[in-house]
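Here are some reading notes for a colleague who is opening this structure for the first time. They take up the chains in turn and then a few local details.

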Amino acid sequence: MNTDYQSELERIEKNIAELRDHALVPPTDTEKVTKYVQSVYQHAVHTGNLAQLEAVEPVIDEGIRQIRFPGDLYFLKANLAFKLHRLDDVRRNLAADPSLPVSPEGRAIQADLDFQEGRYAQARDGYQSAIASNRTWDNLARLAHFEARMGDAAHADRLYVEAEDELTAKEMRSYAWVELQRGLLDLAHGRHTEAGDHYARAERAYSGHWLTAEHQAELLGAQGHYDKAAALYQDIVERVPKPEIQQAFGELLTVMGERERAQPWLDKALAGYLDPAQRGGVHYYHHLVDFYADVLKDGDQAVKWARKDIALRDNFSSQAALAWALYRQGQFGEALESMNQALASGAWSAHLFSQAATVYRAAGRAEDAERYAQRAAEINPRHRSFHVHR
Amino acid sequence: MADHNDPNAVNSIFSDIDVSAADLYDIFGFPSDDTDGGEKVVIALTFASVPEAGRLDPDMLYRIQIAPGRRVMRASEEDQSLGALLKYFEGLKETYLGTLRPFEVRVTVDENNRAHIRFINFPGGSFSQVIETNKSLTLQSPDGHPIKAYIGGRDDAFFNDLPGFFRSINYAPQFYHVPHTMTEARELAIPKTLIELEGNDLFNFDPANPDWGHGVKKDLPPGPLTWNGDKFAKDKNGNYRFVYSGKDAQAGKNINAIILEIPLAYITRNPEHRIVNCWGESWVRKAANKVETIPDDPFWLEHPHVLIDALKLDDELKKYKLVDTDGQAFADAALSEREDNRQMGANNFWLAPHFIKRLAHLGMGFGPSITALGLKCSFDHGNSPVSVHKTFSSVLHAFPLVKPVLFQEMRMPDDSWNPKGLNIPLRRPVEIFIPNVNAIDMDTTGTWPFGRRPEDQVATRFLSVFLDMNADFKGKKYHVDIMNDPAVLDALPLEPKTPPNPLKNDKEFLKDFPYLAEAH
């Protein structure tokens, strides 16, 4: 029997097959064009295939050429650009249709942009305003994500609960996704059992999704169930060609002492990150920073990619990543400066504080380092356990 | 924060949410002709036949709420000021939100398409039963009353030129592919009208494309989606063109339905209760319930504004989400614009100011077109020679124009609606649309607005609220069906000379339970 994931994928593939040969051939029908383009996009998103996702863009462009009012497709393209971290393209596509910036969906993405570009107050206002005018599950989840990053986990979880309350039996994939976010919140605070409960609920809600399995594998690793985690990762990397999962698998194997088995996966991951970057893609800059800083311990390369990332989106995350890269490079003074910028944002996580502690210590600020280390431990006593770079 | 994890990752521009089974179509209600063993009321809630006619969606829950009451007799000297009107609405609100405790019929189906029907809190006792779908059955109430029930597929009992109505309000999605994100391009800012506007190429009938709007859609044209003319269109004979065709857009279509015939004695023991108010609701199961793990609800505690509603919900309803309500015909489509956040069912009191402004907006469009045809209009459009697109931000400005519409009695074509010849006041729009319930008068035939019988042409009757019921045509007073009268249509400078909507359904209704015709 098919899992929910397989059934949905088959449904999308059926749509694509039915429309592929004629949807974009003039004379076109707006609904068919839109449905086809949307299906191609959905397929790429659900399979987690970045190459496929990049290949959606020319299909959207063709769709835009074929219909008179392509606002929906510009919105889709803005979403795609967001997923690929091309924030200027997000703006450009939102501006391409006058109805988009003022639409509820457009305003929500604008708030996402504000968050990504470090305008935190505007982002929060934007999310709250989006919810006030359009109380949808995804807008609630957006604000929840923001609050989680800014350290109010309890508020974030309440917002996720509210998001779930908006979701119906016809939206089980979305429900499962929110459950994964709630699980991540618990994981970030060391509550492994609770995280596991959320992941199990996600699986019950929408069975067979690699995304759920990937979260479960991380949790197993964090719990020290390395063999089980490795078996699950092995299964996932065979299904989904995502370099970040390959990296996670490689790092897990490294933790397990299986360096020889780990190396091909780490090599694949690096190649997977570099390949789109060499083609001009910016999607994996952040992962390249992590990879060079933490896997290869190569400060020079880490700083190179961190500076590229921060040029795209100057936020606490990219600032902290640069700080970490600079630390790895031995530039402790500059690392401290960048870390202070990140901390000034109000962002709050065990991971951030743990890195801050290290940077402060390296910069000779032992007292501050201890304070951040304590804070990290308070947030998540298990923050040094296996985790994935998200 | 690599942020491959934002809701964008799962959100899509087009809803893949199929909740169309929640789309309620109509609620019919009338006294049964079968009075053996006592009076009975027939109530039929119809909704989209999804997944298919005869098969209901197991994620849905349908409610029919029933509240018997007395017939309200009008004071001889009535205060018809805005203040008094709002006070009247406030009184209704207190009744519906406070003292009224409606009884309820609740229906779900299981994965085997068996219906679980529950009768809750009726004076004749609560009970539940699992029944076969698509079969007329007689259930026994705890106090021994036989209740007829049918749950399943039938022919769509609504017969109506829906594209004509959408043409009259310039509703673009019926005629054009309107992008999801182009929210301003729904009801276009073009005057609403019953006859075509000269040069309104966006909506005027196209003889070269007669199916346009009847399933055929065009791409929205470039340029402003407005109309800049100043007169109604006329043909070479000087006739106006009706935006309605009279064709039944629902012909050949099916619905799913919950049809009940309930003894009045089961609903009330008070002989003064001659009105049976009813309305329907559709609820869709929440995702959390689908996985059988209801989250603890800090939500309710954190949000006292919803707590009031939440407290009224029983444990089962908390697992569902209200999607649609249906009480009075056209209360949603015409007066509430079918916005999701206005799905308030009977509790539509907070909509009262909106209702007045919306009615004024419709009147500024329909009114001049009625006058142009030579008919007397109940709405004060200031003798405008052509329909006007005007929105009202102030109820104070709207009310004086709307007042004659609100307070006029809706005259019936003859006395057949009142077979007992009782002193029953004619209903007025102000009483019909708020609260949004189907108020079935058990001493009438239940024809609209005293209920709603399947054979009622309610779409045309709704339009008649804009006709001056005190006027007469060739010595005969206007009435709710006057637009169906061939003599009237023949006399109007109008083409085609057809009633706006079909006069009968494509399939004959049945004389007996379950009344609605079999599915196609």
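This is a predicted model: local features need pLDDT of at least 70, side-chain atom pairs count only at pLDDT 80 or more; totals for chains, interfaces and linings use all residues.

What percentage of the 390 residues in chain A is made up of buried residues?

1. Chain A, burial and overall form. Buried residues account for 55% of the 390 residues of chain A. The secondary structure of this chain consists of 21 helices and zero strands. Its C-alpha trace extends over about 70 × 45 × 45 Å along the principal axes. The radius of gyration of chain A is 21 Å, which agrees with a compact globule, because a globule with 390 residues would have a value near 21 Å. When the contacts in chain A with a separation of 6 or more are considered, 50% of them are accounted for by residues 24 or more positions apart.

2. Chain A, domains. The domain assignment of chain A gives domain 1, covering 1–102, and domain 2, covering 282–390. Their contact takes five residues from domain 1 of chain A and four residues from domain 2 of chain A. On the side of domain 1 of chain A that touches domain 2 of chain A, the classes are three nonpolar, one polar and one charged residues. The centres of domain 1 and domain 2 of chain A, taken over C-alpha atoms, are separated by 36 Å.

3. The largest nonpolar core. This core holds 268 residues, and those that touch the most other members are A:Tyr233, A:Val289, A:Ala323, A:Ala325, B:Leu45 and B:Val402. At least three residues of the core are drawn from each of domain 1 (1–102) and domain 2 (282–390) of chain A. If residues up to four places away in sequence are not counted, A:Tyr233 touches A:Ala217, A:Ile245, A:Ala248, A:Phe249 and A:Leu252. As general background, nonpolar side chains in soluble globular proteins tend to be buried together.

4. Chain B, overall form. Chain B contains eleven helices and 20 strands, and buried residues make up 50% of its 520 residues. Among its contacts between residues at least 6 apart in sequence, 71% join residues at least 24 apart.

5. Strand β7 of chain B and its neighbours.

6. In the hairpin of β6(B) and β7(B), five residues lie between the strands, and B:Asn113 takes a positive phi near 65 degrees. The hairpin of β7(B) and β8(B) has six residues between the strands. B:Asn121, which is found in the loop between β7 and β8 of chain B, has a phi near 70 degrees, a positive value in a residue other than glycine. Is B:Asn121 buried or exposed? B:Asn121 counts as exposed, because it has 11 C-beta neighbours inside 10 Å, and the limit for an exposed residue is 12 or fewer.

7. Another positive phi. B:Lys474 is not a glycine, yet its phi is positive, at about 50 degrees. The place of B:Lys474 is in the loop between β18 (472–473) and β19 (476–477) of chain B. Because it has 7 C-beta neighbours inside 10 Å, B:Lys474 counts as exposed. For background, most residues other than glycine have a negative phi, and most peptide bonds are trans.

8. Cis peptide bonds. Where are cis bonds found in this model? In chain A, a cis peptide bond joins A:Pro26 and A:Pro27, with omega about -5 degrees, and A:Pro27 lies in the loop between α1 (4–19) and α2 (30–47) of chain A. In chain B, the peptide bond from B:Phe513 to B:Pro514 is cis, with omega near 10 degrees, and B:Pro514 lies in the segment after β20 (494–495) of that chain.

Methods
Residues are numbered from 1 along each chain as its sequence is written. Chains are lettered from A and ligands numbered from 1 in the order in which they are written. Two strands pair if DSSP finds at least two bridges between them. Helices (H or I, at least four residues) and strands (E, at least two) are DSSP runs, numbered from the N terminus. A nonpolar core is a set of buried Ala, Val, Leu, Ile, Met, Phe, Trp, Tyr and Cys residues joined through C-beta atoms within 7 Å. A residue is buried if 20 or more other C-beta atoms lie within 10 Å of its own, exposed if 12 or fewer, and partly exposed in between; C-beta atoms are placed from the backbone. Domain bounds come from an automatic or database domain assignment. Two residues are in contact if their C-beta atoms, placed from the backbone, lie within 7 Å. Ala, Val, Leu, Ile, Met, Phe, Trp, Tyr, Cys and Pro count as nonpolar, Asp, Glu, Lys and Arg as charged, and the others, Gly among them, as polar. The radius of gyration is taken over C-alpha atoms; the globule rule is 2.2 Å times the number of residues to the power 0.38.
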